[in-house]
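Here is a short briefing on one structure. Look it over, then read the points below.

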Amino acid sequence: PSEYSAEWWVGEKVFTPYFEAHIDTDLMGRPLKGNFGVQGVHTEQSVTNYLATGFWPTQTFTPVNTTENYWEILPSMNLNWEVADAQYIRLGIDRSMARPRFDQMGGNTSFTYTVANAGCHWVPNVNNGCNSPWSGTFANPKLKPWISDDVNLAYEYYFAPGEGFSVEGFYKHLETFIYDSTIPYNFQSFYEGGSYPPPTPATFYGPVTQYVNGNGGRVLGVTLAANVSLKHLWSGLDGFGISATGTYIDSNVHIPDPGTSPTGKIPELSKYIFNVSFYYEKNGFSLRINDRFRSSYVQEVPNFNGSLQAIEGAKENTVDIQAGYQFREGRYKGLAFTVSAENVTDTPMNSFVSGDPKQPEYYKLFGTNLLFGVSYRY
């Protein structure tokens, strides 16, 4: 019965009016196309948690409903300027948002009162060897989304059909982000509303773990991409090619709580990301070998109770292979077969304590996935 305190509901009503205008004109005698507009997002969120008071078996569970309403205004502009034949400059400016997870707004809400610590004069953020009798984990029904102001600028050059390269720079200023924080909380109303054994606690304040909104910081980076046919080196290599993408990301966003990020970095964000594909495509046949690499990052992995745990993840390198054939003429025209092997190197998801390979923390082996597909296009 005590699991009532782990039950919760989240409801959302979202209203998104928007205005969009398209651009089709010339700039310095060259075509300029794009769009601009603004989107309004009104969110009405409602969260219900069960709050436990008293001691088992006389505990009571009271549903607590909290609502929060807010507007976010998200302008955006996208421009595509053909500065020369098959050469483009793209500019994107916008304000973007990402909603909090439901388990961050709802989630488990509970608190603990430890009689043995009733005489402790607990002081927040001070290690005086004394633990408060009060502690808890609270949901945050009033949590707001991630909000960032973004700028993307790219140059693209297509020197042959299906071939080209590009360079893109991006900048994001985070107005708000979400992290798991430990904050002091006044539990006096819980004490007055319940039945607790003597003595009267020396303090009604104790630490509470709760998702909150942080602010400030920027994320910037650059992406290089190219797709090149090897027939330019030798005509006998017609059909063979290389496609590659490399991204460098730098962030000064600091997550102030190790429960959300043990390194202080944004979860799931790698500093270096590379994708390289060697392929053959000709006469209906296709073969592609792809290598994906990402540097170390903060992983969010499932905990034993279903919640997400932030850990310091290791770098990863994964190889995939795909082959296929498509009939281009005759009675089977449009029929295609594909077979692929994902993660042929059997790369695990790995992490270490403080980045030390001698201290593994989380190890998950996915194995290799084999897939076979049939499609028909008419």
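Ala, Val, Leu, Ile, Met, Phe, Trp, Tyr, Cys and Pro count as nonpolar, Asp, Glu, Lys and Arg as charged, and the others, Gly among them, as polar. By these classes, the lining of the largest pocket has 17 nonpolar, 17 polar and 7 charged residues. This is a predicted model: local features need pLDDT of at least 70, side-chain atom pairs count only at pLDDT 80 or more, and totals for chains, interfaces and linings use all residues. Residues are numbered from 1 along each chain as its sequence is written, and side-chain values use heavy atoms, with hydrogens and water left out.

**Aromatic rings**

- Rings of Phe, Tyr and Trp (its six-membered ring) pair if their centres lie within 6.5 Å; planes under 30 degrees apart count as stacked, over 60 as edge-to-face and the rest as tilted.
- The count by this rule is 26 aromatic pairs.
- One of them joins Phe111 and Phe187: the centres are 5.9 Å apart and the planes are at 45 degrees, so the pair is tilted.
- Both Phe111 and Phe187 are buried (under 20% relative accessible area, with exposed over 50% and partly exposed in between; 1.4 Å probe, protein chains only).
- Ring pairs link a cluster that includes Phe111, Trp134, Phe187 and Phe204.

**Charges over rings**

- A charge sits over a ring if NZ of Lys or CZ of Arg is within 6 Å of the ring centre and within 35 degrees of the ring normal.
- Arg294 lies over the face of Tyr297, 3.6 Å from the ring centre.
- Arg90 lies over the face of Tyr88, at 5.8 Å.

**Asn69**

- Asn69 is partly exposed, with a relative accessible area of 47%.
- Its C-alpha atom is 9.5 Å from that of Lys13, 56 residues apart along the chain.
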